[in-house]
Amino acid sequence: MSTITTKDADNSKHQCAECGDSDNGGGSLKACTACNLVKYCNRTCQVAHWPAHKKACKKACKKRLAKHHCCAACGDSDDGGGSLKACTGCNLVEYCNRTCQAAHWPAHKKACKKRLAELFDKKLFKQPPPNEYCSICHLRLPIALDQSIYMPCCGESLCCGCIYAHSVAAADTEKEKCVFCRSEASSSDAEYIERMKKHVEANNAQAIVNLGLCYQFGKIGLRQDHAKALELFHESAKLGNHFAYLSLSICYRDGGIVEKDTRKATYHQEKQHIIRNLVLWLGMYAQGNMDRAYKHWMISANDGCDLSMKTVQEGYKEGFVTKDDYAKTIRAHGNSIDEMKSDDRDRAAA
């Protein structure tokens with residue numbers, strides 16, 4: 001059975017869906033940017049017609065987006081040719097060009113931002129990789145920052161357990177040498193800084209952030225230089241150093257060497273968490289949302305942080321943490337502690 005297109009039906013393409021006024025094909029009517037099925041004189045008519053149009057609009061959007069290789073704004077297809085470009089924010093929809101993307105943004109904005117938030121949270125609440133391993137005992141380096149030492153001679157981070165064992169077993173003439181590379185200890189502050197700068201030139205991220213700390217506090221013979229410290233922290237952060245992100249977070253949170261900026265402080269704290277552990281502070285940042293705060297604390301506890309484990313335990317008693325999550329956290333925390341535990345480390349901490 002054939003379908004006859006009447007003149008009235010054709011004219012409806014040039015009529016406002018709300019008031020019925022026609023532009024006689026002049027192009028003054030604007031199409032609904034979501035479904036592109038109906039047109040309106042102005043924003044007032046569109047708002048007035050929305051209750052009647054809402055269901056059909058959403059249905060048309062879902063149908064169009066279910067198709068592959070179709071522009072989300074105009075519906076044109078590239079038949080799989082690859083000419084359409086995906087939204088770089090959410091990667092859920094595709095467009096012919098920038099004009100279509102801009103036209104569709106009012107309808108797409110909410111879904112795009114929601115998807116961006118989902119992707120960020122997925123990354124943020126993913127268990128980060130464990131700490132690096134001590135180059136001597138090959139056990140995971142402890143979470144506590146005072147339980148490992150960076151050696152400026154060789155650029156290695158060693159646990160205090162191995163350094164303690166060396167100091168006990170080595171002859172008196174060997175005790176002051178590096179336990180890893182056997183270099184003599186620096187004889188002066190100048191030599192210490194010179195060794196560190198060699199590793200900085202080689203893009204050693206830990207050496208860069210350590211040098212930044214020396215400039216921040218004016219340590220080891222260096223003149224205090226806050227601008228230089230901030231520059232080095234940013235440089236180390238670009239190389240993915242978690243302690244650099246932590247240092248930047250503290251700087252922006254407390255001020256002092258840079259103007260206080262809560263947004264930047266949170267950003268660097270979250271980046272630090274995504275790369276590594278030590279997310280206890282991030283839980284504190286998120287205390288306004290207890291669900292998010294306890295997710296951070298559970299991740300930190302999973303990685304072996306005792307204080308975070310105690311916080312999760314209190315959260316379980318108060319009903320913020322489920323029984324299943326609490327049980328999983330206890331097991332993961334115990335496994336992490338076992339991976340970092342050694343007799344030498346216990347003796348060094350005693």
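Start with helices α5 and α6, which lie oblique to each other in this predicted model. Select residues 189-201 for α5 and residues 205-217 for α6. The two axes come within 8 Å and cross at roughly 135 degrees. That angle counts as oblique because only values over 145 degrees are called roughly antiparallel, and 65 to 115 roughly perpendicular. The crossing of α5 past α6 is left-handed.

Now show the side chains at this crossing. On α5, pick Ile193, Met196, Lys197, His199 and Val200. On α6, pick Ala207, Ile208, Asn210, Leu211, Cys214 and Tyr215. Colour them by class: the contact of α5 with α6 has eight nonpolar residues, two polar and one charged.

Next, go to Ser236. It sits in helix α7, residues 226-238. Is Ser236 buried or exposed? Ser236 has 0% relative accessibility, so it counts as buried. Draw a distance from its side chain to the backbone oxygen of Ala205: 2.8 Å. Then display the contacts of Ser236, leaving out neighbours within four places in sequence. They are Ala205, Ile208, Val209, Asn241 and Ala244. Ile208 also belongs to the α6 side of the contact with α5.

Last stop: Glu339, in helix α13 (residues 323-340). Glu339 is partly exposed, at 40% relative accessible area. Which residues does Glu339 contact, leaving aside neighbours within four places in sequence? Select Leu139 and Arg140. Finish by marking the C-alpha atoms of Glu339 and Gly304. The two residues are 35 apart along the chain, and these atoms are separated by 9.2 Å.

Definitions and conventions. Residues are numbered from 1 along each chain as its sequence is written. This is a predicted model: local features need pLDDT of at least 70, side-chain atom pairs count only at pLDDT 80 or more; totals for chains, interfaces and linings use all residues. Side-chain values use heavy atoms; hydrogens and water are left out. Axes are lines fitted to C-alpha atoms, for helices over the stretch in contact, and angles run from 0 to 180 degrees between N-to-C directions. Helices (H or I, at least four residues) and strands (E, at least two) are DSSP runs, numbered from the N terminus. Angles under 35 degrees count as roughly parallel, over 145 as roughly antiparallel, 65 to 115 as roughly perpendicular and the rest as oblique. A crossing is left-handed if the near helix is turned anticlockwise from the far one by less than a right angle, and right-handed if clockwise. Contact means heavy atoms within 4.5 Å. Ala, Val, Leu, Ile, Met, Phe, Trp, Tyr, Cys and Pro count as nonpolar, Asp, Glu, Lys and Arg as charged, and the others, Gly among them, as polar. Buried means under 20% relative accessible area, exposed over 50%, partly exposed in between (1.4 Å probe, protein chains only). A polar contact is a pair of N or O atoms within 3.5 Å; within protein, one must be able to donate a hydrogen and the other to accept it, and residues adjacent in sequence count only if both atoms are side-chain atoms.
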